[in-house]
Amino acid sequence: MADIVNQIKKLKEEKDVLILAHYYVDEEVQKIADCVGDSYYLSEKAVEATEKVILFCGVSFMGESAKILNPEKLVLMPDPTADCPMAHMATAEKIKAVREQYDDLAVVCYINSTAEIKRYSDVCVTSSNAMKIVKSLPNKNILFVPDENLGRYIASKLPEKNFIFNDGYCYVHKDIKKEDVLRAKEKWPQAEVLAHPECTMAVLEEADYIGSTSGIIKQAGESDGKEFIICTETGVFYELTKNNPDKVFHPAKEQQICSGMKQITLEKVLQTLESMDQSVEMDETARTQAQRPLTKMLELAQ
Ligand code: 13P
Ligand code: SF4
């Protein structure tokens with residue numbers, strides 16, 4: 001293990017590579033990254049990067065977004081087949097059909113989406129900025145794609161808007177049931193429940209705090225509580241336990257695992273640094289069209 005980590009560090013310096021990693025990848029991959037964070041933080045870091053190359057340890061929409069925002073950089077993925085099923089759960093046809101029904105429509109696209117879906121959207125959001133961005137839009141009618149759960153959560157806080165939902169979902173968060181949370185609360189009655197907004201409304205209603213992965217990590221650090229029930233992917237447990245050795249964290253249920261994120265291994269990171277292939281490539285017209293909503297997100301999230 002030490003050997004592979006040293007080889008990664010050496011090649012990373014030699015080849016001028018910035019390694020970005022999402023909180024859901026395995027702990028040992030998070031440890032070798034230059035920046036670990038939520039989707040919004042990582043897209044900001046991708047834009048600010050001064051290195052020639054970005055190696056993105058995450059699922060494909062993340063590497064794709066980094067490339068859309070940084071066309072001049074070489075963006076590499078340790079495993080290009082690591083994917084987020086939700087990213088594919090909306091279609092350009094649906095977006096076009098809803099646009100025809102409303103004059104005053106904003107198409108708001110969760111960053112967990114393909115470049116093709118982004119092309120047809122007005123603005124992108126992540127779980128940490130969706131509320132702020134949707135609130136700031138002048139449009140009353142909002143088509144939220146692809147995640148229904150995040151859309152419904154935002155809608156519950158913005159009654160002045162008319163939301164049209166799409167039936168996409170994250171299987172990891174949807175699999176956390178209200179009964180799991182109730183059981184966990186019974187077992188650990190003192191624990192605070194921290195939930196990601198990709199969970200269903202039934203789960204969110206049981207939560208003491210709702211936020212992105214970095215929001216959950218911040219809340220756990222700032223809370224006076226000593227015990228927490230975590231309703232998101234278990235990759236966050238590395239940062240949670242590292243930052244709070246005196247606190248205890250329980251998953252709401254077993255197997256809160258994103259298999260796409262877990263495809264990223266140290267061995268694949270090393271192989272990619274050696275070969276420098278597996279780059280994200282995109283048609284330039286498609287890239288420019290997908291860049292517009294991402295750039296708008298970065299402006300509106302300020
Ligand atoms: P955040 O890290 O932005 O909260 O996103 C969670 C997620 O599901 C990423 O795929
Ligand atoms: Fe997609 Fe869910 Fe995995 Fe996030 S946790 S990448 S939304 S499948």
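In the predicted model, Gln278 is found in the loop between helix H15 (266–275) and helix H16 (284–300), where helices (H or I, at least four residues) and strands (E, at least two) are DSSP runs numbered from the N terminus. The phi angle of Gln278 is near 65 degrees, a positive value in a residue other than glycine. Gln278 counts as partly exposed because 17 other C-beta atoms lie within 10 Å; on this scale a residue is buried if 20 or more other C-beta atoms lie within 10 Å of its own, exposed if 12 or fewer, and partly exposed in between, with C-beta atoms placed from the backbone. A positive phi, near 65 degrees, is also found at Gln255, again a residue other than glycine. Gln255 is placed in the loop between strand E12 (248–251) and H14, and it counts as exposed because it has 9 C-beta neighbours inside 10 Å.

Residues are numbered from 1 along each chain as its sequence is written, while chains are lettered from A and ligands numbered from 1 in the order in which they are written. As this is a predicted model, local features need pLDDT of at least 70 and side-chain atom pairs count only at pLDDT 80 or more, whereas totals for chains, interfaces and linings use all residues.

The protein chain is divided into domain 1 (2–82 + 261–282), domain 2 (86–170 + 289–300) and domain 3 (176–255), with bounds that come from an automatic or database domain assignment. Between domain 1 and domain 3, the C-alpha centres lie 27 Å apart, and 9 residues of domain 1 are in contact with 8 residues of domain 3, contact being taken as C-beta atoms, placed from the backbone, within 7 Å. The side of domain 1 that touches domain 3 comprises 5 nonpolar, 2 polar and 2 charged residues. In this classification Ala, Val, Leu, Ile, Met, Phe, Trp, Tyr, Cys and Pro count as nonpolar, Asp, Glu, Lys and Arg as charged, and the others, Gly among them, as polar.

One open sheet consists of 4 strands in the order E2-E1-E3-E4, with parallel pairing, two strands being paired if DSSP finds at least two bridges between them. Strand E2 (35–37) and strand E4 (74–76) each have a single partner strand and stand at the edges, so one side of each is left without a neighbour in the sheet. Neighbouring strands are turned by 20 degrees against each other on average, direction ignored; axes are lines fitted to C-alpha atoms, for helices over the stretch in contact, and angles run from 0 to 180 degrees between N-to-C directions. Strand E1 (residues 17–22) runs parallel to strand E3 (residues 53–57) and is joined to it by 5 bridges, with Val17 partnered by Val53 and Leu20 standing opposite Phe56. E3 also pairs with E4 in the parallel sense over 3 bridges, and here the partner of Ile54 is Val75. Of the 5 residues of E3, 4 are buried.

Within strand E2 lies Cys35, which counts as partly exposed because it has 15 C-beta neighbours inside 10 Å. When residues up to four places away in sequence are not counted, Cys35 touches Leu20, Leu42 and Lys45. The C-alpha atoms of Cys35 and His22, 13 residues apart along the chain, are separated by 8.5 Å.

A further open sheet of 4 strands has the order E6-E5-E7-E8, and its pairing is parallel. Its edge strands, strand E6 (123–125) and strand E8 (162–165), each pair on one side only, and the twist averages 30 degrees from one strand to the next. Strand E7 (residues 141–145) and E8 run parallel and are joined by 4 bridges, with Asn141 opposite Asn162. Helix H8 (residues 148–157) lies across strand E5 (105–110), E7 and E8, and runs at about 170 degrees to E8. In the loop between E7 and H8 is Pro146, which is joined to Val145 by a cis peptide bond with omega of about -15 degrees.

Ligand 2 is surrounded by 14 residues, the closest being Val59, Cys84, Cys170, Val172 and Cys258; a residue is near a molecule or strand if its C-beta atom, placed from the backbone, lies within 6 Å of it. This shell divides into 10 nonpolar, 2 polar and 2 charged residues. Domain 1 and domain 2 each contribute at least three residues to the shell around ligand 2, and helix H9 (171–174) and helix H14 (259–262) each supply at least two. Around ligand 1 there are 13 residues, of which Asp38, Ser39, Ser127, Ser212 and Thr213 are the closest, and the shell divides into 3 nonpolar, 8 polar and 2 charged residues.

Definitions and conventions: Contact = placed C-beta atoms within 7 Å.
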